[in-house]
Structures are given as structure tokens and as C-alpha cells.
Amino acid sequence: MSTMAAAGVTPAIGRARLGTNVLVLGVLAGLVVLLAIVGPWIAPHDPIAVGPTADQLLAPSATHLFGTDQVGRDLFSRVLAGARASLGVAFAVVAFASIFGTLLGLLAGLGARWIDEVLMRLTDMFFAFPYLILAMVVVASMGPGVVSLIIALCIIWWPGYARQVRGHVLAIKQTPFVDASRVVGNSGLKTALRHVLPQMLPGLGVRVSFDVGNVILIASGLGFLGLGVRPPEPEWGAILYEARSYTLSAWWLAVFPGIALTLSILVFSFLGDALSDRGSRRSR
Amino acid sequence: MSAALEVEDLVTEIDTEAGRVRPVDGVSFTLGHAETVCLVGESGCGKSMLALSLMRVLPPGARLVGGSVRLEDGELTALSDERMRAVRGSRMAMVPQDPMTAFDPLYAIGDQIMEAIRAHEKVSKDQARERMLTALGQVRLPDPPRIARALPSELSGGMNQRCMIAMALACDPVVLLADEPTTALDVTVQAQVLELLAQLQRRYGLAILLITHDMGVAARVADRIAVMYAGRIVEEGPARTLFARPRHPYTRGLIRSAREAAQRGRHHSIPGAPPNLLALPEGCAFGPRCAHVHEACRAAVPSLRDFGEARAACVLEDAEREWLEAARTSDAANG
Amino acid sequence: MAGYIARRLALLLLIVFSVTVVTFVLSHLVPGDPARLAAGITADEAQVEAIREERGLDRPIADQYWLYVKQLAHLDFGESIVTRQPVRRELGDRLTATLELIIVSFVAYLVIAVLIAVISATTRRRGVDVGVRGFAISAYAIPPFVLAFWLQLVVYFRLGWLPAGGRLEIQTAPPPKVTGFYLIDSLLAGQPQVFMEAVEHIILPAAALTLGLIAIAVRLIRTTLLDEFDKDYVKVLRLKGLSERRIVWRHVLRNSMVPVLAVFGIQFGYLLSGAVLVEVIFSWPGLGTYAYNSILALDYPPVLGVAIVTTAIFVLANLLVDLLYPVVDPRIRLWGQRA
């Protein structure tokens, strides 16, 4: 049967074009980021200033694409501006967590055995802790706001990176690369940077992509609970929370921010998915 | 007495990315009771596909498109899926190639054999267990109860192969299809398994179709041999006749390979590559690799012609044939 | 086996221990004076001081912590600053509410995910398979609280099919407490209407919790199943003459379970955390709303209690999952050698 395969006689299976997937999604993700950055400037109306009473709770129309909220603000502008909060937090958290986690993971993998043990127990502990409660406690005790939100989320996210990097390092340590490097006389750090790190980048890339989506999800959840970005700065989760009081009268308040959330999470999750598919195909 | 298995003009098609091919393209042969027929050919010539076609367990994208398969006068190709399932594993059974991956790794051997028995016969659990242990004894496994409790991963390749054979025989089949039963085993175990099959045949009148790429195996156990190339039978006949006077150049090549392997431990393969079923040459499929190819070979696909007790699909005339034999005898003298 | 479990339980204690340290420390970073909060706005200095002494709030932090740990050893979680009730009692009620929601969600999730995945992997109709995969991909991206919200919006506010929140209608009395699970207790007490009402109330929150998780599980199970179908032993099972149904459900599914079990364990964690948001939206009187309200009120003993209990649940659930591995795959040995 396998020789038949070699002769090109495998049964027909659908095969996605993987390279283009990554490209398309990468572009989409870039678009989302771009929107987040320029959002507040290209918004048709002021996302923060309270609008005239006459404009309160208007249904979607040509002037107000997504309708208005309870104090007369244009929802479309708020959603657009809200992208900045969600994505900003997401990127900040992922950046810090990934760097910090990677460093610790490298340390654990390349360093002494006891360092590794300590790290493993530490990450175990963090994994077991109900992360939402931890985040809530941190934010509440430090006072709600962007900074405490980012710190809380960084605390939750770094162990994942540390573990993954450590795992990679341990696996790579088995291969001849590292031994060869050491034999030649490179120090541990140099070995790490030149040989170990590049091999881990694809895997880390996948994680980063997924995590952007995940952080957006959790951050908005916290915003929903009132533990995130402070008003009047628009944030998707917070807008949804306000929408709770107006479910019967203003469905648009609940729908559009939710869609925005779902779409941005989708884009980054798909990107992570496509990257991971590409990674596994290549290594096959 | 009717034959155990009669195959006529069997054709199997399979859809691939590059097109539709026929790994089995008009195969016919007969298998009598208590007879061993060896189906010989290089890897990828369609032998396994043939066996799967007989059992009607084809991979997705493959289908039987023509021909007949008669098991003791019952036409198998006409059976509904459900009825075929009743035949499969009970009246006609197959032993697959790699014994180590053939069993479900999560269940004990005994349970899996009992499952086969109870799938086909209405017996109680205890009765099935009795039969299972008997079957394990039949294949000369020591301590059947221990083996029955074991997981496949706990047994060696040879033992797994015996268990496979036991499972295939558990329901008393008329025909046993054995797909490369010795390939995945080491040499010492190979001989044991072949000897076992021969014993079982003598005792139970089992008809065996043994698929192999190794003429040496065929030399040991075959009553008749069928040589397969590019989905077709190119030579077929009693084993003695075939070895004494192989007609088809491909058969010659296979026999020579086996001799070299046995005498010098060297693996001699036939020059050239196995045929690409998507791009078969005009006429005889073996043409590109044949030392004696000429015009007539490319004209049309040669059909099987009678040569006494055997049949071969080769256009070489008798005169040239004698020249060939002379050449061959001198080979034998030299090598 | 006993040794293995003992080790895991020891690990559990260690983790719970660290959880208490973290939460305890965090709770003391709170601006504000817990003694004053407890005493109330109208209290004068002397009363506040009295409370401070009574609660040991004037002692160094390390002492306070050890005091707390000692209490914990007796399963005393302290008193809520706000309600003055022992946290333990409130925790108990809240715990069963959350457990009921989580267990029902988890069981539904398992059954539905496996069913959909098997159907998707074995169906010959491409449309079904593509449809399922599309659902899997999209359901996964909707944040659970958004989903919860939308479900509430559509199913309750627009369609009026299912209730908006709570475990039962406000006017309905809960069944006599045997287990604390309304679904069980109502049946035990022979109250079918209460049972139906409890079912109606649990559907939406459970759906919100699980839809995203189902999506992930379906993808994984489906892929694993498809990979398994290519394996040799499946071909042999067919050659044995077994029915396709038996092959799928008895053999292929079991062989697919090991990687899936790992995911189930992780997802249980997400379930626990997601429960907080879902509980808030559906006014479900569980640990989530308890923690949330307490955090907002800066009332820390309940928060600590919830953190500890949820962590313990999570670790125990993982232990359970780990114990299931050898059941699913007899080749896996967690401890010692097989006889």
C-alpha cells in the first residue's frame, strides 16, 4: 500500500493550501490591529463625549451604523474605539507574558535541576488556581484600571509560556545541536540564543496568536464585570455590561460589541490554527 | 468437488488525486480445497488490493467494478453488505501483513478472538471462551489462558501472528487469505509460521491463498503459483512446473532474486522500477524492464496462453523460448 | 495505587497552601481598613479597636496568616466581613449550586461532543461534516459571557422559551435538602414540577458554558477519530466481519480517548472559571456570584474561601481524570507494574 502511495496512487483527499491560509489570516489580523490603532481617529462620532438627549438609544441607521447608547453616544464609534482597549491590553499582556515566560522557561530548561523543579511547582500552582478569581482579586485590590488589568493577566499568562519553552528546551537538549555547540565552547546563554531559541519560534508564534485571542476574551470578561478599563474609555466588555439594562429596548447594544469581540477572537484563533497546521505539515 | 474459491476477471478501481487506476485489472484464478496458491509479485503490484477486494474491505475511493468471486459456488460480489459481513471472518478469513499493529491495542487477545467468534455464531460467552482457547492451542501457543489475558503489546511479533491466525481460523473458514504472513517476522519465526500453516491445511483441509513478494516462500509452501504484475496475472501454474520452466521473464526474475537471496544472502532486485499504474506503457506492462522485449510486446497487452499445465502472458515464440532456456541453464551453471 | 493517590493529595495540599498565601497577601494589599469596614461607618474608634483586637487584625501579617491556616485545618473559613455569617455555611450552599451547574454542563458536554464528533467523522454526507466543522470553529470564538448574554436575549427576552435566571422561579420553594442538587432532591422528594422547573433553569447557563468547549472537543475528537480510522487494526476489525457501528463505538472511540481525556481535564478548568461569568449573568447563586459580590465589597474571607474550594475541585477533578487513563488504555501505568 505504501509503495502505491509513493507511486502517486494515494486516494484523493482534500488538501487545503496552507501557505495562503496563513497569509490571508495574517492580513486580516493586521487589519484588525490597524483598525484598533487608528480607530479613534477615523470614528465618525466622538466615542467618549456624552451626546444630546435626543440621540439616546437610537436604532441603527445611516448616521449611526450601530445605533446609539443610553447617553447618546454613537455605538459604531465606541466599538471602533473599543478595539484599542481590547487589542492594546491583549498585545501588552502577550508581549510581557511571553518574554517573561520564555526567559524563565529557558532558565528552567538550561539551568540546574532544582531550578527546574521549583519552576514546575510554581507553574503547577498557577495552573491550578482559578484564573478568573485570581484576576478579579488582583484587579480589585489594586483598583480597577488598565494597568492592574494588564498586571493581573500577565500573572495568569506567563506560566503557559514558561512551560512550553521549558518543554522545547528539554526536547532540544536531547538533540546533537546543543552538545555540539557546548563542545565548541559556547556558553550556555549563547547556546540558548543561537540554537534553542530559533527552533522554538514557530511554536511560540502559534501560542502568541492564540493567546491574543484568549486575552481579548478574558479581558472583555473582566470588563464586563466592571474590573477592567475605566469608563468613559470604551471597552467591549464594559459596553456589554451596560447593555444588560437595555436588553428589551436596545438590542443593538448587546449585539454589535459581541460581534466585534467574536470576530477579533476568531481572526487570531484562526491565525494560530493556520500557523500550527503549517508547522506540523512542514515537520512531517 | 467444486473449488473452494473461483475468481474470474476481477477488476478493482481506485480514485486517486492523479486519476483513476486499476490495481486489479482482470484477475482470474482458482483455489481448490486443501490447496495452497501463492500469489507472488513485487510490492505495489496489487496483491494486497486483490485480497481486500475478495473480502470486499476496500479503502475509501476504491470499488469493485467487475468480475466474479465464487466461494464454494456462492457468488460473493452479489451479496448485500450485511450478508458479506456474515461471510467475512467466518467462511473466508484473512490474516493481515503486520501482526504488531493488527490487533486493537486496548483489548486482550482472548477478548478479540471471542469477539470474532461471537460476531458470527450464536454461542454463549463460555462456549466462545472454550473455542478461543482451543484456537490458540491449535496454533501451538504455549499456555493459551495466559495469552488470552495478554494485551497485544505484551506479545512478540511471532506470537501475535499466531494469534491472528488463530482468530482467522476460529470460525472454521473454507478459505484463508494470508497477506505476507512472514514479512514482518524474523527468519527463524518465518519458517515456524509457514510450517504451522501447512499443518493446519493438512489437518483441516483449509484452502490457502498466500500473498508474498518472496519466491522463496512460494517454493516452500505453494501447490500452485500465480505471478502478478501491474494488476494482472502474468503467469500461473503448478509450483513445480513454474520453477522448472518459468515462461514469463518476470517470473524468471523473481526466481533468480529468491535464489540469490538464499545463496548469497544478497538481495537482487529486478532492474527498473515498479510500474506506475497511472502511466502504463503500451502493450505488455513489463516491457520497459524486460530484457527480451520487442515490437509485438508493445502492440497489445498479451493474454494468458497455455503452456502445458501452466499459462503465461508473454508473446515470445517457442523458438525464442528455447533460446531463453538455454541461456538460463548456463546462468545456473555459472551462478 | 494508594501511594500514587496519597502523593497526588499531598500535591493538592501544597497547591491549596500556595493559593492561600497568594490570596491572603493580595487581600492585604487592599486599601482600606478591614476592621473599620467590619465595624461599620457609625462605629467610633474604640469599637473599631475592639474589633481589630478581637479579630487579631493588629498582629503581624505572618501571625495572622498562621491563624488563618490553623482555622482552615478545621475547615473554618472565617466570617464574612459584610454579613457576619460564617463563610463555611454560605460556601456550602453556593458550592452545591455551582457543582450542579458544572456537573450537568460537563456531562452534557461530554455526551454531545462525542456524539457530534462521531457523526461528523463517520457520515458519508459531506454537508453534515462541513456544517459541524463550521459550527465548531465559530462557536469556539464567541466569548462565553457574550454567548450567555445572547442566549438570554434571544431565548428569554425575545422568545420567552426559557427563564432568564436563578435556579428556580422566585416563588418556588427549593426541594428538601438531601444532596443540595435540586435536580436530584426534587426527584427524591417526588416533586416532578420542581424538577422540570430546575431543568428549565439550568439549560441556558449550561449551554452558555459548554457551547464553546463542545466546539473545541468536537474538533479534537473528530480529528483523532479520523486518524484512527486509517490504522491497521480497523481494517482487521472489518475483515473480522464486525459491524461498522461496533467498530466505531467499541474500538475506534476508545482508542481515541487518551488525547481527548487530557483535553477534558483542561476544559474542566475552563468550565470552573467560565462559571463565574455565566453565574453572574444568569443570577445563579453559586460560588461565582459569591466571589464576585464579595470582591466588589472588598470582603475577603469569602473570596479566599472560594479560591481555595475551586482550586481543590480543579485539582481533584484532574486527579480523577488521571485515574481514568489506565481504565481507557490498559497499556498506561501510572504506578508500579502490572502483575
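A crossing of two helices is called left-handed if the near helix is turned anticlockwise from the far one by less than a right angle, and right-handed if clockwise. Helices (H or I, at least four residues) and strands (E, at least two) are DSSP runs, numbered from the N terminus. The model is predicted: local features need pLDDT of at least 70 and side-chain atom pairs count only at pLDDT 80 or more, while totals for chains, interfaces and linings use all residues. Residues are numbered from 1 along each chain as its sequence is written, and chains are lettered from A in the order in which they are written.

Chain C contains 13 helices and zero strands. Its C-alpha trace spans about 85 × 55 × 40 Å along the principal axes.

Helix α9 (residues 192-229) and helix α11 (residues 244-281) of chain C have axes that come within 9 Å and cross at roughly 155°. Axes are lines fitted to C-alpha atoms, for helices over the stretch in contact, and angles run from 0 to 180 degrees between N-to-C directions. α9(C) and α11(C) are therefore roughly antiparallel to each other (under 35 degrees counts as roughly parallel, over 145 as roughly antiparallel, 65 to 115 as roughly perpendicular and the rest as oblique). The crossing of α9(C) past α11(C) is right-handed.

An automatic or database assignment divides chain C into domain 1 (2-72) and domain 2 (93-328). The C-alpha centres of these two domains of chain C lie 34 Å apart. Contact, meaning heavy atoms within 4.5 Å, joins 17 residues of domain 1 of chain C to 14 residues of domain 2 of chain C.

Key:
Heavy atoms only, no water.
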